[in-house]
Amino acid sequence: MIELNEDHKLIQQTARDIAEDVIAPNAAYYDSHEEFPQKSFEALRDAGFLAMMVSPEYGGAGLDTISYVLAMIEVSKACASTGVMMSVNNSLAAFPLETYGSEYIKNTFLRKISEGGKLGAFALSEPDAGSDPAGGRTTAVLDGDEYILNGSKMWITNGGVADVYVVFAKTNPDLKHKGMSAFVVEKGTPGFEIGPKEKKLGIRASPTTPLSFDDCRIPKENLIGTEGEGFKIAMSTLDGGRIGIAAQALGIGQAALDAAISYSKTRRAFGQPISKFQGLRWMIADAAMDMEAAKLLTFQAAILKDKKLRFTKEAAMAKLYASEAAVRTADMSLQIHGGAGYSRDFPVERYYRDAKITAIYEGTSEIQRVVISREVIDK
Ligand code: CAA
């Protein structure tokens with residue numbers, strides 16, 4: 001295990017305290033009511049965890065990626081819906097605004113997230129373009145001092161609750177990925193509509209919505225970076241996002257593993273706790289090893305990112321391995337719980353439902369394999 005410094009331990013303990021005191025007690029309620037986890041959001045916002053890695057110059061906490069991973073694990077252990085809200089805000093909204101945005105964008109929109117208590121969202125996927133975002137059809141046409149946006153987006157985490165949207169659109173549709181640009185669009189802009197919440201298997205407390213743009217005019221200053229730079233902004237942003245999702249998966253998997261261990265020690269069969277049976281012991285041993293391997297891959301990616309080295313391959317490996325390990329571990333935990341695990345009386349059914357999305361969003365497992373194979377075979 002990597003050695004944590006005193007600052008890391010403090011962040012981890014603070015996140016653990018918030019998770020235990022505020023997030024965990026409300027997680028089942030928010031999940032079953034499919035309600036935005038307002039109290040969890042407020043606690044994380046007040047602790048500065050929603051703009052953890054933003055430089056203090058722009059109102060953030062200026063923390064490293066290791067701190068972010070540690071906090072994400074604790075938060076997601078308690079509530080995966082809260083985890084993804086935090087991950088999208090840090091990795092997918094604040095990061096591109098700070099890394100590629102002009103001073104105007106940083107002082108206006110990044111500060112809304114880091115200081116103003118507003119949430120951000122990342123709008124890349126479209127109804128016909130998920131794994132292949134370069135095939136997106138949303139357009140942005142410059143008209144005087146404004147861009148006019150038309151098109152629609154889908155599967156947008158924080159949809160509706162976010163105020164600041166990082167939106168990708170084609171400024172030159174003939175050029176495929178080279179014609180894509182990134183923009184900031186604020187909630188409330190005329191022509192920008194937020195659709196109804198999706199009904200989902202898991203992370204039910206996290207609102208996911210479509211978005212539509214109908215002659216939506218935004219100032220030309222809302223362009224992030226330069227025209228044509230959008231695809232690279234999206235890809236490099238997702239590299240960091242995948243570390244966040246790996247950490248979310250670690251939290252869900254650890255919660256499922258802890259639940260399996262504690263249930264197996266109290267549930268008795270054939271005259272003894274079921275934790276005494278070798279069949280179960282080996283299931284738990286395998287899951288513990290799986291989660292540990294996932295953690296090491298995730299920290300490896302975070303360390304590279306903090307050292308400002310390339311981490312595309314390592315982030316893809318961490319996300320792929322951690323998400324699939326979380327799915328396996330949640331399945332194992334539910335199996336150990338038997339009928340009890342299938343009921344809503346135990347949180348393990350929520351972990352089982354929540355784990356699956358980590359292998360789908362921010363690039364499916366299949367896309368991570370595409371990224372890894374290109375890195376190891378073609379580069
Ligand atoms: N960083 C910087 N640039 C990158 C990059 C990276 N990680 N990956 C690729 N690029 C650049 C390439 O260098 C190339 O540049 P040039 O044009 O200058 O040569 C350009 O981008 C195109 O690269 P590719 O040819 O590799 O692009 P591709 O179309 O074949 O796509 C892909 C590659 C890996 C499949 C990519 O499309 C991908 O990651 N797809 C998955 C998308 C995804 O993760 N969507 C998630 C939606 S967001 C979400 O889920 C958020 C949420 O709400 C939780």
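**View 1. Cysteines without a disulfide.** Zero disulfides turn up in this structure, a disulfide being a pair of cysteine sulfur atoms within 2.5 Å. This is a predicted model, where local features need pLDDT of at least 70 and side-chain atom pairs count only at pLDDT 80 or more, while totals for chains, interfaces and linings use all residues. Residues are numbered from 1 along each chain as its sequence is written, and side-chain values use heavy atoms, with hydrogens and water left out. C79 has 3% relative accessibility, so it counts as buried (under 20% relative accessible area, 1.4 Å probe, protein chains only). C216 is buried too, at 0%.

**View 2. The largest pocket.** Here we have about 1200 Å³ of space (a pocket is an open set of points on a 1 Å grid over the protein atoms alone, where a 1.4 Å probe fits, with protein on both sides within 12 Å along at least five of seven lines; lining residues have an atom within 4 Å of a point). Its lining runs to 43 residues, with G130, L238, R242, E362 and G363 closest to the centre.

View 3. The top contributor is α4, with seven residues. Domain 1 (6–114) and domain 3 (232–377) both supply lining residues, so the pocket sits between them (domain bounds come from an automatic or database domain assignment).

Note on methods. Buried means under 20% relative accessible area, exposed over 50%, partly exposed in between (1.4 Å probe, protein chains only). Grid points are joined across faces, edges and corners, and a volume is the space filled by probe spheres set on the points. Helices (H or I, at least four residues) and strands (E, at least two) are DSSP runs, numbered from the N terminus.
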